[in-house]
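Me: I have a structure open beside its sequence, and I would like to go through the terms used to describe it. Could you set each term against its cut-off as we go?

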Amino acid sequence: MATEENLKTMKALLAKSDGRDKVCATIQYALMFIHAGQAGKVKKVQGNIASARKVFRVLKPVEVLTPLITDPWGAKASKSDSNLTFLVKRAQMCLMALYFGGDHVVWAKSAGLLEDADTASLAKKVSMWGWFGGSCCKALIEMFELSKLVSNTNQKLKELQQQEDMEEERRETRAKADAQALKRTFTVCHAAIQATLALGLVEAVPIKPRTLGFLGVTASVMNIYLLLPGTFQPQLRL
């Protein structure tokens, strides 16, 4: 029964382009960890897998910019968002669009559609810095949401404490808040790892290829976990 459920979960993950992309990313960075920057068959296979991932990212810039295109002034944005949170979310969309857009240009060079090496090199830098900036924005957004969650939960618990026979609802409120807090903290850590990986790949900080491979595998596995259905569910104690 457990095997059947695991197979269904894997099928649901691989049915998404993001899921297939992250599985390939895990393999790509695992190979980087193995070859540790040394030329050879493993490094060549890693490059081929990196190129194969591009198929799963077609039109990604449009996807991440869709909320900005359809609602440029934020009329449909959450009313509970502060102006700062709203601006950071918009900045994240633009930076991630740069990341995916630059990645497309790099792929065009490797596929032979673009001959200018300088343009491809610049696009790679823009892409990696966009990924770094987008990851930093993501971490900030999650920290803002975590702070708001703590404040709202404390207020709700205080209100429930003043009422009788509400112990069960208080436990449920705490469990839901704990699950959300864990997910947001996990996402902050994931964003921090991605930002560090981006800095290493653009050579802004000296990180060895094997360390980059380890960071890449960690970030990819964390990403897969976030994509899995049923994660970070409230643990209700009876």
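**Terms and their grounds**

Reply: Let us begin with helix 2, whose buried residues are Gly 19, Asp 21, Lys 22, Cys 24, Ala 25, Thr 26, Gln 28, Tyr 29, Leu 31, Met 32 and His 35. Please keep in mind throughout that this is a predicted model.

Me: What makes a residue in that list count as buried?

Reply: The word buried is used for a relative accessible area under 20%, and the residues listed for helix 2, among them Asp 21 and Lys 22, are placed in that class. Over the protein chain, 35% of the 238 residues count as buried.

Me: How do you know that the length of helix 2 agrees with what its residues should span?

Reply: Helix 2 covers residues 17-35, which is 19 residues, and at 1.5 Å a residue these should span 27 Å. The expected span is 1.5 Å times one less than the number of residues.

Me: Why is Ala 36 called partly exposed?

Reply: The relative accessible area of Ala 36 is 22%, and the class called partly exposed lies between the buried limit of 20% and the exposed limit of 50%. Ala 36 therefore counts as partly exposed.

Me: Which class does Glu 203 fall into, and what is its phi?

Reply: Glu 203 has a positive phi of about 65 degrees although it is not a glycine, and it lies in the loop between helix 7 and helix 8 (209-227). At 70% relative accessibility Glu 203 is over the 50% limit, so it counts as exposed.

Me: Why are helix 6 and helix 7 called roughly antiparallel?

Reply: The axes of helix 6 (residues 117-161) and helix 7 (residues 167-201) come within 8 Å and cross at roughly 165 degrees. Angles over 145 degrees count as roughly antiparallel, and helix 6 and helix 7 are therefore placed in that class. By residue class, their contact has 20 nonpolar, 8 polar and 9 charged residues. The crossing in which helix 6 passes helix 7 is left-handed.

Me: What makes helix 5 roughly antiparallel to helix 6?

Reply: Helix 5 and helix 6 pack at an angle of about 150 degrees, with their axes 7 Å apart. Since the limit is over 145 degrees, that angle makes helix 5 roughly antiparallel to helix 6. The residues of this contact divide into 19 nonpolar, 8 polar and 6 charged, and helix 5 passes helix 6 in a left-handed crossing.

Me: Why is Thr 187 called buried, and which residues does it touch?

Reply: Thr 187 is found in helix 7, and its relative accessible area of 9% is under the 20% limit, so it is buried. Leaving aside residues up to four places away in sequence, Thr 187 touches Lys 138, Glu 142 and Leu 226.

Me: What makes Glu 169 count as partly exposed?

Reply: Glu 169 also has its place in helix 7, and at 33% relative accessibility it lies between the limits of 20% and 50%, so it counts as partly exposed. Not counting residues up to four places away in sequence, Glu 169 touches Lys 156 and Leu 160. The C-alpha atoms of Glu 169 and Lys 11, which are 158 residues apart along the chain, are separated by 36 Å.

Me: Why is Leu 113 called exposed?

Reply: Leu 113 has its place in the loop between helix 5 (83-110) and helix 6, and its relative accessible area of 63% is over the 50% limit, so it is exposed. Beyond residues up to four places away in sequence, Leu 113 touches Trp 107 and Ala 108.

Me: How many helices and strands does the protein chain have?

Reply: The secondary structure of the protein chain comes to 8 helices and 0 strands, and the C-alpha trace spans about 70 × 50 × 35 Å along its principal axes.

Note on methods. Residues numbered from 1 in each chain as written. Predicted model: local features only at pLDDT ≥ 70, side-chain atom pairs only at ≥ 80, totals over all residues. Heavy atoms only, no water. Axes fitted to C-alpha atoms, helices over the stretch in contact; angles between N-to-C directions. Helix = DSSP H or I, 4+ residues; strand = E, 2+ residues; numbered from the N terminus. Parallel < 35°, antiparallel > 145°, perpendicular 65-115°, else oblique. Left-handed = near helix turned anticlockwise from the far one by under 90°. Nonpolar A, V, L, I, M, F, W, Y, C, P; charged D, E, K, R; others polar. Buried < 20%, exposed > 50% of the residue type's maximum accessible area, 1.4 Å probe, protein only. Contact = heavy atoms within 4.5 Å.
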